[in-house]
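Have the 3D view open and try each task before you read its solution.

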Amino acid sequence: QVQLVESGGGLVQAGGSLRLSCAASGRIVSIDHMGWYRQAPGKQREMVAGFTSGGGTDYTDSVKGRFTISRDSAKNTVYLQMNSLKPEDTAVYYCNALIAITSLRSLEVWGQGTLVTVSS
């Protein structure tokens, strides 16, 4: 079993900052990918930030220049630093990972979600 545990959500005023964390635990051989998604009320889940296969980072256009994804591989943890938050960033943020649990099998895992509310 593997799981992702997120933390760091909350209520913040527009222009403020929050830092989300997502820690993977359990039977982990390696983590092939970790990223962040979000789902606002009445909208589909969208990718917010992730790492590319070449080791770079990728962001949805609406957060470029404001959000930064980073990771601590030793801790199996990924972070999302969110600055200059806007009311339209309000959503449940989910961590997603592709985790190898054996040399032949990988699982796609989702965290439970953490709510970010940005007031105007």
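**Exercise 1.** Which kind of contact joins the side chains of Glu-46 and Arg-38?

*Solution.* Keep in mind that this is a predicted model.
Step 1: Start from the general idea that side chains of opposite charge can pair when their charged atoms come close.
Step 2: Look at the distance from N to O, which is 2.7 Å for Glu-46 and Arg-38.
Step 3: Compare it with the cut-off for a salt bridge, within 4 Å. The contact between Glu-46 and Arg-38 is therefore a salt bridge.

**Exercise 2.** Decide for each partner of that pair: buried, partly exposed or exposed?

*Solution.* Step 1: Recall the limits: buried is under 20% relative accessible area, exposed is over 50%, and partly exposed lies in between.
Step 1: Glu-46 has 30% relative accessibility, so Glu-46 is partly exposed.
Step 2: Arg-38 has a relative accessible area of 5%, so Arg-38 is buried.

**Exercise 3.** Find out which parts of the chain are linked by Arg-38 and Asp-89.

*Solution.* Step 1: The side chains of Arg-38 and Asp-89 form a salt bridge, with 3.0 Å from N to O.
Step 1: Arg-38 sits in strand β4 (residues 30–39), while Asp-89 lies in the loop between β8 (77–82) and β9 (91–100). The two residues are 51 residues apart, and the pair links distant parts of the chain.
Step 2: With a relative accessible area of 1%, Asp-89 is buried.
Step 3: Now widen the view: Arg-38, Glu-46, Arg-66 and Asp-89 are linked in a network of salt bridges.

**Exercise 4.** Describe the salt bridge of Asp-61 and Lys-64, and say how exposed each partner is.

*Solution.* Step 1: The closest N and O atoms of Asp-61 and Lys-64 are 3.0 Å apart.
Step 1: Asp-61 has a relative accessible area of 62%, so Asp-61 is exposed.
Step 2: Lys-64, at 47% relative accessibility, counts as partly exposed.
Step 3: For the overall tally, the count comes to four salt bridges.

**Exercise 5.** How many disulfides does a search of the whole structure find, and which residues are joined?

*Solution.* Step 1: Remember that a disulfide is a covalent bond between the sulfur atoms of two cysteines.
Step 1: The search finds one disulfide. This disulfide joins Cys-22 to Cys-95, with 2.1 Å from S to S.
Step 2: Cys-22 belongs to strand β3 (residues 18–26) and Cys-95 to strand β9, 73 residues apart.

Technical notes:
Residues are numbered from 1 along each chain as its sequence is written. This is a predicted model: local features need pLDDT of at least 70, side-chain atom pairs count only at pLDDT 80 or more; totals for chains, interfaces and linings use all residues. Side-chain values use heavy atoms; hydrogens and water are left out. Buried means under 20% relative accessible area, exposed over 50%, partly exposed in between (1.4 Å probe, protein chains only). Helices (H or I, at least four residues) and strands (E, at least two) are DSSP runs, numbered from the N terminus. A disulfide is a pair of cysteine sulfur atoms within 2.5 Å.
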